[in-house]
Amino acid sequence: MQHPYNRRSFLTKGLAGAAGFSLLTNFGNDLFAAVQKQSLFSAPSDLQITDIKCAYIRNGHSLFVKVYSNQDIVGHGEAVDATPGTYYLVKMMGDRIRGKNPLNVHRIFEDVRRRGFFEGAQGGMYISVLTAIESALWDLAGKALNVPVYQLLGGKFRDNIRVYCDTASSREKPEIMGQRAKEVVDEHNFTAVKFDIDDSNDPNKYDPYNWTVGAAELERMVDQITAVRESLGPHVDICVDMHGRFDTTSGKRVAKAMEPLHLMWLEEPIPAENAEAYKYITQSTTTPICAGENLYLAYGFRPLLEIGAVDIIMPDLQKAGGLGEAQRIANLANVYYVPFAPHMVASYLGAMASAHVCASVPNFLILEWQIYFHTNPMFKEIVHYDGEMIVDGYIPLSNKPGIGVEINEEGLKKYADKDMPFFT
C-alpha cells in the first residue's frame, strides 16, 4: 500500500510550490492554477491535530481510532476490552488535543492523563481510550517524519518478533488438545503455543463461585497439558492460561502439578491486583508465573516487580497506556531482569503496533498471536498491510513509515457494531 503522506511529501510538495511560483512568468496562468490545486505541506513543526474519529467491532470490545491532521496525514490506533460505550470519551479526549502538534506524543499523553485524574485516569476505560489515541499519534508521527515507529522509540534490537499461538482451546479431551497443538504447530511453524485450562462448565467444579481446584478438576488440567506436551515433544514452548479464576491455594497446586511439563509459563492463576498473593505462588514452584494483562500504566506493574511476585510480565499494549508507556513498562521490568511478553487480543494493526515496542526493548521474550488470524476472514479484511502477517512463527517487523498497518474502512464497515458511530 502506498502512503500519499510522508516526509518526502513534505519536502517535494513544498519545493514544487516554490518552483511553480518562480516559473509563473514563463509558463503563465495554467501552471499557476495547477500549483494552487496542489497540497502544500508545511514543516512538521506546523502540524496540528484537527479531529479524531472512531469505530467499534466485537460488541464494542475493539475500538479503532483515526487522528487527523491539517496536512492530510492520518494516524491509526486500536484499543481492546475496556472500550464498550466509550464513544463520548473518545470525543472528549479529541476536544482536549485538537490544535496540538501530534509529534509531541509524550506531552499529549501526559496532558490528557493528568487532566483525567478525577475522571478515572488510573486505568480502565480512560486509559484504554487514551491507548488507542496514543498509538495513532505514533503512527501519524512516523508518517510525518518518514520513519517506522520503532525508530521513534529509539531503534530496534531485532527484525522479527517471535509469537506464540493462543489456540483458545480448553474444553476438549486431552487427545483432541494434543492433536490440535500438533496441527497448529505443523501448519504455521510456531515455536510456542498456549492453551486455556479454566473451564466454567467443568462438571467437577464445586460450584460456579468457588475458586478452589478439586482433585478431579486438577487431574483434567494435567491430563490435557500432558497430552499437548507428548504431542509436541520437548522443544516447543507451552503456555497455560488460567484467566485469574482461581484462588492462591489452587494456583500453588496447579503450578506444582505442571512442573514436570516444563511450561514456558503458567498465566494468571489468580487476579493480578494482589501482588503479595502472587508472590506466595511464585515462591512455591519452579513453574514460571506470568501476569499483567489487566494492569494499567507502569504504576500497575511496580508492586509485582518490586517484591518479585511474578517471573514474567504480560501487559496488553492495546489497553495499558500506549506504545510509549509499554516501553516504560518493559524498561522497568528490565531493571529487575524480568522478561516482557505482551498480551495481544487485537487486530493485525494492534499486533504490528505491539511488534514495534517488542523490537525496541532488550528484554522482549515473546508476543501473543491469535488463532483467529488464520480462521476468521474478518481480521484480514479490516486492515491494509503489505506482505505476510506471519512467517514461521515470527512477525516480520514493518519498515514502513508509522506502524505499517492501517484500518481498511470498507472492510471494517462490514463488521461494525450496529447503532454505533462509524468514523463520524
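This is a predicted model: local features need pLDDT of at least 70, side-chain atom pairs count only at pLDDT 80 or more; totals for chains, interfaces and linings use all residues.

Me: Which cysteine sulfur is closest to that of Cys358?
Reply: The one in Cys290, but at 13 Å the two are too far apart for a bond. Cys358 also counts as buried, at 0% relative accessibility.

Me: Switching to helices. Which residues of H4 are buried?
Reply: H4 runs over residues 105–115, and Val105, Ile108, Phe109, Val112 and Arg113 are buried there. They span an arc of only 125° around the axis, so they sit on the same side of H4.

Me: What's on the other side of H4?
Reply: Three exposed arginines: Arg107, Arg114 and Arg115.

Me: Tell me about H12 then. How far does it reach from its first C-alpha to its last?
Reply: 19 Å, for 13 residues. That is close to the 18 Å expected at 1.5 Å a residue.

Me: Which residues are buried in H12?
Reply: Leu323, Gly324, Glu325, Ala326, Gln327, Ile329, Ala330 and Ala333. Among the elements covering them are H4, H5, H11 and H13, along with helix H6 (149–152) and strand S9 (312–313).

Me: What comes just after H12?
Reply: Tyr337, which takes a positive phi of about 60°.

Me: Now the aromatics. How many aromatic pairs are there?
Reply: The count comes to 9. One of them is Tyr348 with Tyr385: the ring centres are 5.1 Å apart and the planes are at 70°, so the pair is edge-to-face.

Me: Where do those two sit in the chain?
Reply: In distant parts of it, 37 residues apart. Tyr348 is in helix H13 (residues 348–360), while Tyr385 is in the loop between strand S11 (383–384) and strand S12 (394–396).

Me: Which residues do ring pairs link into a cluster?
Reply: Tyr348, Trp369, Tyr372, Phe373, Phe379 and Tyr385.

Me: What about charges: which ring does Lys53 sit over?
Reply: The ring of Tyr68, with the charged end of Lys53 5.3 Å from the centre. Another case is Lys66, which lies over the face of Phe423 at 5.2 Å from the ring centre.

Me: Last topic. Where is Asn160?
Reply: In strand S4, residues 160–166. Asn160 is partly exposed, with a relative accessible area of 42%.

Me: What does Asn160 touch?
Reply: Leaving out residues up to four places away in sequence, Asn160 touches Tyr394, Ile395 and Pro396.

Me: And how far is Asn160 from Gly393?
Reply: In sequence, 233 residues, but in space 9.4 Å from C-alpha to C-alpha.

Terms used. Residues are numbered from 1 along each chain as its sequence is written. Side-chain values use heavy atoms; hydrogens and water are left out. Buried means under 20% relative accessible area, exposed over 50%, partly exposed in between (1.4 Å probe, protein chains only). Helices (H or I, at least four residues) and strands (E, at least two) are DSSP runs, numbered from the N terminus. The arc is that of the directions from the helix axis to the C-beta atoms. A disulfide is a pair of cysteine sulfur atoms within 2.5 Å. Rings of Phe, Tyr and Trp (its six-membered ring) pair if their centres lie within 6.5 Å; planes under 30 degrees apart count as stacked, over 60 as edge-to-face and the rest as tilted. A charge sits over a ring if NZ of Lys or CZ of Arg is within 6 Å of the ring centre and within 35 degrees of the ring normal. Contact means heavy atoms within 4.5 Å. The expected span of a helix is 1.5 Å times one less than its number of residues.
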